Amino acid sequence: MTARPRNWRHDMPTPDAYWMNRVLFDVHHVASHLERYQASPDAYMADVPLPEPLKAAIRDNDIGAMFLAGVNPYLLRAHCLGLRISEQVFVQSLRAVAPLWQEADHG
C-alpha cells in the first residue's frame with residue numbers, strides 16, 4: 001500500500017487545532033470579527049483556550065507554525081487573503097516547514 005498524499009497535518013484534529021481553526025474561521029467569516037481581530041489580536045483571542053505559543057502563531061501570522069499545529073490549509077489561505085499576505089509568503093512558509101512535516105510523518 002502506498003501512502004496517500006496529504007494536505008492536512010492531522011488525521012483527527014486536536015483540541016488546539018480545533019480552536020485555531022475556529023479563530024481563523026470566525027475572523028474571516030463572521031461579520032465584524034476581522035475588524036476586532038485587526039484592532040487587537042491578543043484581545044480578540046483573550047478568551048480562547050489556547051496556549052500562548054499557539055496564540056502567538058496566529059497573532060504573528062506564522063503560517064508554518066499554524067500548519068504544523070493542525071490548521072486547515074484552506075483556512076490558512078483564507079487568512080492570508082483576508083490579511084493581504086502574499087501568495088509567495090504563504091507558499092514559502094509552508095515549504096519551510098515541509099521537512100518538519102515529513103519528518104513527523106515518518107518518525
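In this predicted model, helix α1 (residues 15-29) packs against helix α4 (residues 52-59) at an angle of about 30°, and their axes lie 11 Å apart. Because angles under 35 degrees count as roughly parallel, α1 is roughly parallel to α4. Helix α1 also meets α6 (73-82), with axes that come within 10 Å and cross at roughly 40°.

**Helix α1 and its buried residues**

- Helix α1 comprises 15 residues and spans 20 Å from its first C-alpha to its last, which is close to the 21 Å expected at 1.5 Å a residue.
- The buried residues in α1 are Ala17, Met20, Asn21, Val23, Leu24, Asp26 and Val27.
- An α-helix has 3.6 residues a turn, so residues three or four places apart point the same way.

**Contact of α1 with α4**

- The crossing between α1 and α4 is right-handed.
- On the α1 side the contact is formed by Asp16, Met20, Val23 and Leu24, and on the α4 side by Leu54, Ala57 and Ile58.
- By residue class, this contact of α1 with α4 consists of six nonpolar residues and one charged residue, with no polar residue.
- Met20, Val23 and Leu24 take part in the contact with α4, and these residues are also among the buried positions of α1.

**Contact of α1 with α6**

- Helix α1 passes α6 in a left-handed crossing, whereas the crossing of α1 and α4 is right-handed.
- From α1, the residues Asn21, Leu24, Phe25, His28 and His29 meet Leu75, Leu76, Ala78, His79 and Gly82 of α6.
- The contact of α1 with α6 divides into five nonpolar and five polar residues, with no charged residue.
- Leu24 belongs to the α1 side of the contact with α6 and also to the α1 side of the contact with α4.

- Asn21, a residue of helix α1, is buried because its relative accessible area is 10%, under the 20% limit.
- Beyond its neighbours within four places in sequence, Asn21 is in contact with Gly70, Val71, Asn72 and Leu75.
- His29 lies in helix α1 and counts as partly exposed, at 47% relative accessibility.
- His29 and Ala78 are 49 residues apart along the chain, and their C-alpha atoms are separated by 9.7 Å; both residues take part in the contact of α1 with α6.
- Pro73 is found in helix α6 and is buried, with a relative accessible area of 13%.
- The C-alpha atoms of Pro73 and Leu94 are 9.4 Å apart in space, while the two residues are 21 residues apart in sequence.

**Loop residues with positive phi**

- Ser32 is located in the loop between α1 and α2 and has a positive phi of about 75°, although it is not a glycine.
- With a relative accessible area of 44%, Ser32 is partly exposed.
- Arg84 is located in the loop between α6 and α7 (87-106), and its phi is near 60°, a positive value in a residue other than glycine.
- Arg84 counts as exposed because its relative accessibility is 77%, over the 50% limit.

Definitions and conventions. Residues are numbered from 1 along each chain as its sequence is written. This is a predicted model: local features need pLDDT of at least 70, side-chain atom pairs count only at pLDDT 80 or more; totals for chains, interfaces and linings use all residues. Side-chain values use heavy atoms; hydrogens and water are left out. Axes are lines fitted to C-alpha atoms, for helices over the stretch in contact, and angles run from 0 to 180 degrees between N-to-C directions. Helices (H or I, at least four residues) and strands (E, at least two) are DSSP runs, numbered from the N terminus. Angles under 35 degrees count as roughly parallel, over 145 as roughly antiparallel, 65 to 115 as roughly perpendicular and the rest as oblique. A crossing is left-handed if the near helix is turned anticlockwise from the far one by less than a right angle, and right-handed if clockwise. Contact means heavy atoms within 4.5 Å. Ala, Val, Leu, Ile, Met, Phe, Trp, Tyr, Cys and Pro count as nonpolar, Asp, Glu, Lys and Arg as charged, and the others, Gly among them, as polar. The expected span of a helix is 1.5 Å times one less than its number of residues. Buried means under 20% relative accessible area, exposed over 50%, partly exposed in between (1.4 Å probe, protein chains only).
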